[in-house]
Amino acid sequence: DEVKISKAWRTLSVYVVSLRHFEEFCGECKNLADVTRKDLLRFAAWLREEREFDTRTVANKFSNVVTFLKAQGIIGLIGKGDKPKHTCGEPEMYEPDELAKLTEACTPAERVWLEAFRATGFRLQEVQYLYWSDVNLDARTISVTEKKDAGWEPKGYKGRTIPLSPTLAALLTEWKKQAGTCKLVFHTAGCVIKLDFLDNLKNIAVRAGLLPSDCWLHKFRATFASTMLQKGIDLRTVQMWLGHTQITSTMRYLKPSRSEETQNKFAAIMG
């Protein structure tokens with residue numbers, strides 16, 4: 001109940017699923033006060049071996065349960081090194097040819113929101129709750145702002161404004177001509193928030209000849225961040241554009257460049 005009134009609905013759903021898994025693991029054998037360190041370690045093993053979740057998912061579900069227990073005043077159960085480990089690989093990003101294929105396979109309406117994800121690095125809900133008042137076509141900026149009327153706040157309560165790319169500006173200019181009176185930039189009939197971006201993306205991927213499993217919305221954010229850093233935008237600026245509280249979150253997108261230009265520079269240095 002506390003999470004429901006203080007966090008985003010996606011956070012709530014993730015916590016609920018984690019607790020349901022813990023409940024399934026424990027059955028009816030436990031009161032919260034009876035949970036031990038050994039129970040938590042066995043829970044992690046159960047997630048990994050019985051449910052066959054990957055290491056990152058195991059670590060996340062374990063942490064969610066520990067967070068819940070702490071909220072109930074149950075602390076000190078786990079020690080240093082108890083939390084399941086997972087390997088942090090490089091963030092996956094779309095290659096230029098993949099973006100070109102996706103763009104070519106879009107309908108005119110799909111083209112606008114796909115470019116919004118690609119050219120802003122916005123999170124899903126930041127695009128869903130994008131109002132026309134957030135778009136300044138004259139100043140060429142686009143913003144993430146609190147929507148009190150919809151009961152929505154940016155993650156970490158961090159609003160921000162970033163430059164609006166020429167391509168997205170042109171698309172939004174045309175899109176606005178048919179926007180009507182709805183304040184949402186992207187919506188369904190009746191000015192209702194659009195919830196099927198991911199399903200739409202999967203359909204575009206099929207038409208583009210790409211694997212739907214290789215296409216997801218957050219991948220646009222990773223592509224935006226990595227591209228900005230590789231093109232020389234400083235780390236602090238990219239941090240602000242992404243809305244990260246910690247710069248370490250932004251540093252994760254410092255993906256090594258494997259371009260031909262980089263290879264040539266290496267060859268020139270090393271001889």
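**Figure 1. Crossing of helices α2 and α3 in the predicted model.** Helix α2 (residues 9–26) and helix α3 (residues 37–49) cross at roughly 105°, and their axes come within 10 Å. Helices (H or I, at least four residues) and strands (E, at least two) are DSSP runs, numbered from the N terminus. Axes are lines fitted to C-alpha atoms, for helices over the stretch in contact, and angles run from 0 to 180 degrees between N-to-C directions. The two helices, α2 and α3, are therefore roughly perpendicular to each other; angles under 35 degrees count as roughly parallel, over 145 as roughly antiparallel, 65 to 115 as roughly perpendicular and the rest as oblique. From α2, the residues S18, H21, F22, E24 and F25 meet D39, L40, R42, F43, W46 and L47 of α3, where contact means heavy atoms within 4.5 Å. The contact of α2 with α3 comprises six nonpolar, two polar and three charged residues. In this classification Ala, Val, Leu, Ile, Met, Phe, Trp, Tyr, Cys and Pro count as nonpolar, Asp, Glu, Lys and Arg as charged, and the others, Gly among them, as polar.

The model is predicted: local features need pLDDT of at least 70, and side-chain atom pairs count only at pLDDT 80 or more, whereas totals for chains, interfaces and linings use all residues. Residues are numbered from 1 along each chain as its sequence is written, and side-chain values use heavy atoms, with hydrogens and water left out.

Figure 2. W9 lies in helix α2. With a relative accessible area of 49%, W9 is partly exposed; buried means under 20% relative accessible area, exposed over 50%, and partly exposed in between (1.4 Å probe, protein chains only). Although W9 and W152 are 143 residues apart in sequence, their C-alpha atoms are 9.9 Å apart in space.

**Figure 3. Packing of helices α5 and α6.** The axes of α5 and α6 lie 9 Å apart, and the helices pack at an angle of about 155°. That angle makes α5 roughly antiparallel to α6. L99, L102, T103 and A105 of α5 meet E110, R111, L114 and R118 of α6. Four nonpolar, one polar and three charged residues form the contact of α5 with α6.

**Figure 4. The largest nonpolar core.** This core holds 50 residues, of which L102, W113, F186, L201 and F220 touch the most other members. A nonpolar core is a set of buried Ala, Val, Leu, Ile, Met, Phe, Trp, Tyr and Cys residues joined through side-chain atoms within 4.5 Å. Elements that give two or more residues to this core include α5 (96–105), α7 (124–128), β2 and α10 (218–230). The most is given by α6, with six residues. Not counting residues up to four places away in sequence, F186 touches V112, W113, A116, V127, Q128, L130, W175, K194 and F197. Another core, of 15 residues, lies apart from it and has V35, W46, L47 and V66 among its members.

**Figure 5. The three-stranded open sheet.** The strands of this open sheet follow the order β1-β2-β3, with antiparallel pairing; two strands pair if DSSP finds at least two bridges between them. At the edges are β1 (135–136) and β3 (160–163), each of which pairs on one side only. Strand β2 (residues 141–144) is joined to β3 by four bridges, and these strands run antiparallel. The bridge partner of V144 is R160, in β3.
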